[in-house]
Amino acid sequence: MMVLTWLLDSFRPDTPFPVLELVGEQGSAKATTQSVLRSLVDPNKVMLRGRPKTVEDIFVAAANNWLVSYENLSGLAAEQQDAFCTLGTGGGFASRQLYTNGEEHIMETKRPVVLNGIAVIATRPDLIDRVIHVDMPTIPPEARKDDADTSAAWERDRPLVFGALLDLFADALRILPSVKLAHKQRMADFERLGEAVARALGFGPDEFQRQYADLVRAGIDRALESNAVAQVLDKYFEERISPWNWQGTAGQLYDLLNNQIIPDRSTWPKSPKGLADQLRRIAPAYRAKGIEISHLGHSREGALWRITPIRSSTATPPGVEGGIRYGDHRE
């Protein structure tokens, strides 16, 4: 249902687009799946593109295609991940016009995005919040098919599939005005459409919300597991006696954590300000796990921060924004 909803959402230019992320080992048909999906939304002579070199490459691709599609990604720079966030919600990129000194060239666009890779591609919390993550299943040798046979079969079936997709879209749009969500995730427009799609397919109320909440929860896990500050922060507080409540300046916290064992210092902040920036990025994920990371303003000593468990009476329900015991995101 997640992929079906993502496909249908790609036909709605007036709402934010989530990013589809296909992850799996070699031979799990990531490229074939991505090509099939693109052929239903935005057919192109080159269905899949290689890794973009710059942020400008991403916006140029978006300006010339409806669906932005990249394959075999082993990783993306922070600014490239931010660019995909901008594409999903709508934004622009400005650069100096070639052969001029004062002219500016602006590309403003909003596009659906699909990415694939062997390892997880979205590692920044902002992008993870917008990602529909799909783990591709391993294909056993006896189930593999020749590319020519697969392509021929898909070309035969594609008109029927596309027609059925539009029928489902019509049914979902008819149901959509009656869908009311008590609790909403960040991509609320996608979630609401997904609930309509699920009901059009015969599923009961809230079935899509339940699946989407599981997907969001897994995304929170990945956001914290891939963040060096979150890893060290977890280790430090797990060694403290509960209940704990820390409050102090960003500089004090930086000195405290900087003395811990840090497996990878290449992504570790170089200053208290860098740590504060990371705390702002991971705060929503920790809030969903039942931990409040709050900026309390500035004092003579510096920026004040507080890290404390959220009381169960004020924490939100599991699968919505919180209600999960601290540390449960760790394997």
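Visitor: Which residues of H1 and H6 meet?
Guide: Leu4, Leu7 and Leu8 of H1 meet Leu165, Leu168 and Phe169 of H6, where contact means heavy atoms within 4.5 Å. The residues of this contact divide into six nonpolar, no polar and no charged; Ala, Val, Leu, Ile, Met, Phe, Trp, Tyr, Cys and Pro count as nonpolar, Asp, Glu, Lys and Arg as charged, and the others, Gly among them, as polar. The model is predicted, so that local features need pLDDT of at least 70 and side-chain atom pairs pLDDT 80 or more, while totals for chains, interfaces and linings use all residues. Residues are numbered from 1 along each chain as its sequence is written, and side-chain values use heavy atoms, leaving out hydrogens and water.

Visitor: At what angle do H6 and H7 pack?
Guide: H6 (residues 147-175) and H7 (residues 188-200) pack at about 115 degrees, with their axes 8 Å apart. H6 is therefore roughly perpendicular to H7. Their crossing is right-handed, the term for a near helix turned clockwise from the far one by less than a right angle. On H6, the contact is made by Leu168, Asp171, Ala172 and Ile175; on H7, by Leu193, Ala196, Val197, Arg199 and Ala200. This contact of H6 with H7 has seven nonpolar, no polar and two charged residues.

Visitor: What makes H7 oblique to H8?
Guide: H7 and H8 pack at about 135 degrees, with their axes 8 Å apart. That angle makes H7 oblique to H8. H7 passes H8 in a right-handed crossing. Phe190, Glu191, Gly194, Glu195 and Ala198 of H7 make the contact with Glu207, Phe208, Gln209 and Tyr212 of H8. By class, four of these residues are nonpolar, two polar and three charged.

Visitor: How many cavities of 30 Å³ or more does a search of the whole structure find?
Guide: The search finds two, a cavity being a set of points on a 1 Å grid where a 1.4 Å probe fits but cannot get out, with lining residues having an atom within 4 Å of a point. The largest cavity holds about 60 Å³ of space. H8 (residues 207-225) gives the largest share of its lining, five residues. Among the lining residues of the largest cavity are Asp129, Arg130 and Tyr212.

Visitor: What gives the most to the lining of the second largest cavity?
Guide: Strand E2 (residues 68-70) does, with three residues; strands are DSSP runs of E with at least two residues, and helices are runs of H or I with at least four. The second largest cavity contains about 40 Å³ of space, and its lining includes Arg38, Arg49 and Asn65. The lining residues divide into four nonpolar, two polar and two charged.

Methods:
Axes are lines fitted to C-alpha atoms, for helices over the stretch in contact, and angles run from 0 to 180 degrees between N-to-C directions. Angles under 35 degrees count as roughly parallel, over 145 as roughly antiparallel, 65 to 115 as roughly perpendicular and the rest as oblique. On a 1 Å grid over the protein atoms alone, a cavity is a set of points where a 1.4 Å probe fits but cannot get out, and a pocket is an open set with protein on both sides within 12 Å along at least five of seven lines; lining residues have an atom within 4 Å of a point. Grid points are joined across faces, edges and corners, and a volume is the space filled by probe spheres set on the points.
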